[in-house]
Amino acid sequence: MSKKVRSPFSTSPFERKILLVIFISVGIPVMIVLLFLYSMFSDLIYTYLSLEKENNFLYQFLRLSVIILVYYFLFVGIISYGFVHRFIGAFPRLLRELDERIQGKSKTHIHLRQGDYGQKLIDRINSLIDKLP
């Protein structure tokens, strides 16, 4: 069987659903904190915007804040993608191979990639495959 070349960071529909939940659960608290800070310091921000001397400082601070947020979401994205890919990434292939076993096309064991979660489930499925006539 030839090995399929998968593009980096490609996801299955199952992975996309979980990643969406992760980004929503990360993004909403960040936005709430930003809105809270903005509401607390809005008078101070508008006062600094009216002063020419402090205008440069405010823009540098806002640029730095945006850069920090971008790095934060990149960090969360890479960590969550790695976890979700190991946890759910093999699920579509597992379903496809189980369908082949059910149809009787193959009776070989199912194997996961090195480091994928769910090895205990696959071991139990393989023991069921061994018991099939």
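The exercises below work through the helices, salt bridges and aromatic pairs of a predicted model.

Residues are numbered from 1 along each chain as its sequence is written. In this predicted model, local features need pLDDT of at least 70 and side-chain atom pairs count only at pLDDT 80 or more, while totals for chains, interfaces and linings use all residues; side-chain values use heavy atoms, with hydrogens and water left out.

**Exercise 1. Overall make-up**

State how many helices and strands the protein has, and what share of its residues is buried.

Solution. 
1. Helices (H or I, at least four residues) and strands (E, at least two) are taken as DSSP runs, numbered from the N terminus.
2. The protein has four helices and zero strands, in the order α-α-α-α from the N terminus.
3. Buried means under 20% relative accessible area, exposed over 50%, and partly exposed in between (1.4 Å probe, protein chains only).
4. Of the 133 residues in the protein, 22% are buried.

**Exercise 2. The sides of α3**

Determine which residues of α3 are buried and how they are placed around the axis.

Solution. 
1. Helix α3 has 13 residues and reaches 18 Å from its first C-alpha to its last. The expected span, 1.5 Å times one less than the number of residues, is 18 Å, and the value for α3 is close to it.
2. The buried residues in α3 are L94, E97 and R101.
3. These residues cover an arc of only 70° around the axis, which puts them on the same side of α3; the arc is that of the directions from the helix axis to the C-beta atoms.
4. The face turned away from the buried side of α3 carries the exposed residues I102 and Q103.
5. The cover over the buried residues of α3 includes α4.
6. Just after α3, G104 has a positive phi of about 85°.

**Exercise 3. Salt bridges**

Solution. 
1. A salt bridge is a side-chain nitrogen of Lys or Arg within 4 Å of a carboxyl oxygen of Asp or Glu. By this rule the count is four.
2. E97 is buried at 14% relative accessibility, whereas R93 is partly exposed at 24%.
3. R101 is buried at 9% and E100 is partly exposed at 31%.
4. R93, E97, E100 and R101 are linked in a network of salt bridges.
5. D116 is buried at 9%, and R113 is partly exposed at 35%.

**Exercise 4. Rings around Y117**

Describe the aromatic pairs that Y117 forms with F83 and F87.

Solution. 
1. Rings of Phe, Tyr and Trp (its six-membered ring) pair if their centres lie within 6.5 Å; planes under 30 degrees apart count as stacked, over 60 as edge-to-face and the rest as tilted. The structure holds five aromatic pairs.
2. The F83 and Y117 rings have centres 5.7 Å apart and planes at 50°, so the pair is tilted. F83 lies in helix α2 (residues 52–88) and Y117 in the loop between α3 (91–103) and α4 (119–131), 34 residues apart.
3. For F87 and Y117 the centres are 6.4 Å apart and the planes at 55°, so this pair is tilted. F87 lies in helix α2, so the pair ties together parts that are 30 residues apart in sequence.
4. F83 is partly exposed at 44%, Y117 at 42% and F87 at 47%.
5. F83, F87 and Y117 form one aromatic cluster.

Definitions and conventions:
Contact = heavy atoms within 4.5 Å.
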